[in-house]
Amino acid sequence: MKFQVTHTDGAARTGRLETAHGVVETPIFMPVGTVGAVKAVAPDDLRTLGAQIVLGNTYHLYLRPGAETVASHGGLQQFSAWRGPMLTDSGGFQIYSLGRGKAEGKLASVSDQGALFRSHIDGSEHLFTPERVMRIEQQLGADIIMPLDDVPPADCHHAEASDCVARSSRWLEQQAAVWRARLDADKQALFGIIQGGSFADLRQQSARAAASLDLPGYALGGLSAGKPYSPNLWLTVAETCALLPTDKPRYLMGFGEPETILEAFALGVDMMDCVLPTRLARHGAVWRVTAPAGRHLTPGEWLAALMADGGHGWQGRRIDLGQARYLPENGPLMPGCDCYTCTTFQLGTLSHYVRIKEPLAMRLLSVHNLAVLFALERAAKQAIVRGQFQALLTTFRQVWQP
RNA sequence: GUGGCCUUAGUGAAGUGGUUAUCACGCCAGUUUGUGGCACUGGCAGCACGAGUUCAAUUCUCGUAGGCCACC
């Protein structure tokens, strides 16, 4: 894998990431396809939307259908029919989501040896050691692989965060050694993950240890687990980015709301992922940015128009399409959006689909939410190239209601 | 016309002589962030009407209205 920064604008930057399955123009948002499919969204939809790279999850794919099965289908890219660049998460997040983050019914526990999972499918036990995770991810065949790390809740205390840093660093060293010993290491880029919660000293310690391994890329982990929006989240992100090499891609794990991708890009983050656009969509919620009444927009024009207006009279927020109030609406969900959903269906129809739990609603709303993020992503790239990123960020902050 | 059964939230149901009448859908508000596959948490809203028995009736009795079934 190769990466080079192509333009910078303040801390924000554009870049070019060459993987075994294609080129990725950063900064990017990556849709999450945990089990080998972005839930409710077909690969054709993703291509039409302009997605560049898709995530998969080692833990889930290992349990079903099994890494060997995926390998026998020609790897995750072929298996999922996406065929473009892919990244697999390691299962480290599941130490949090199935274990640490739960008060009862824990399905994961951690020791220095690795993570012990109890399958949520049949209750069987599975030990994920650093070495084993590397082998599974090799079989899955993604272009970028994440190491097993120990993820604490974002609001954990210093002592717990410190333990997680120590363990994650040790595991990362072991995994880097396994990865480096491979003949095909250049086909799968191993990223290092920085832990440390919101503690500057721990983040620094974690970043130093990871950077010393000279890996192809680095990720900021543990910031989306549990209570994500601490007041100094962006300070933590900025400080951590500053600790990382400038010539390697930076991946902020687990964030992806419209305003958060711009905030992160502004600080020098190159890659992000999040389940929210697709999860919210499956539950009937969409992101929508709307012009003042009477402002006519053609499909694909909304961001240009927003900037031209300086944001005056515009408004952006999340809405719940299941509400009865949307049934009479006969215009598009979001005027100015060029996604399939907005150019094809009336808002009232979409509301009806959500209300009757028509499966099609999951696809249509997922497509729209992803379209909003990708529109912002493209606008960000363009603004960075032109040296106008700050204006984009400032304007969007004005109109977006978190 | 006669007999039987029924009427509880907007809808469909459960239940009880005694604090705050249960459930589902509905409506409203919220949560979700490296996905435990279509979720979760709150709030709103009700005993058909009238009379009687009783310390106390949504619950028991009678009547009225409406509904369902059977028979003539």
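Q: Which residue of β16 stands opposite threonine 290?
A: Strands of a sheet pair through backbone hydrogen bonds, either parallel or antiparallel. In this predicted model, threonine 290 faces glutamine 315 of β16. Strands here are DSSP runs of E with at least two residues, helices are runs of H or I with at least four, and both are numbered from the N terminus.

Q: How many bridges join β15 to β16, and in which direction do they run?
A: Two strands count as paired if DSSP finds at least two bridges between them. β15 and β16 (residues 315-320) have six, and they run antiparallel.

Q: Why is β15 largely enclosed by the rest of the structure?
A: A residue is buried if 20 or more other C-beta atoms (placed from the backbone) lie within 10 Å of its own, exposed at 12 or fewer, and partly exposed in between. Five of the six residues of β15 (285-290) are buried, so that strand is largely enclosed.

Q: What is the strand order in the sheet that holds β8?
A: Read across the open sheet, it goes β7-β8-β9, with antiparallel pairing. β7 (108-110) and β9 (125-128) each have a single partner strand, so one side of each lacks a neighbour in the sheet. Neighbouring strands are turned by 20° against each other on average, direction ignored; the axes are lines fitted to C-alpha atoms, for helices over the stretch in contact, and angles run from 0 to 180 degrees between N-to-C directions.

Q: Which helix packs on that sheet?
A: That's α5 (residues 92-100), touching β7 and β8, with its direction at about 115° to that of β7. Contact means that C-beta atoms, placed from the backbone, lie within 7 Å. As for β8 (residues 115-118), four bridges tie that strand to β9 in the antiparallel sense, and arginine 118 sits opposite glutamate 125 of β9.

Q: What are the confidence scores?
A: pLDDT is the predictor's confidence in each residue, from 0 to 100. Chain A averages 95, and 99% of its residues reach 70 or more; the model scores ipTM 0.89 and pTM 0.94. Local features need pLDDT of at least 70 and side-chain atom pairs 80 or more, while totals for chains, interfaces and linings use all residues. Residues are numbered from 1 along each chain as its sequence is written, with chains lettered from A and ligands numbered from 1 in the order in which they are written.

Note on methods: Two residues are in contact if their C-beta atoms, placed from the backbone, lie within 7 Å.
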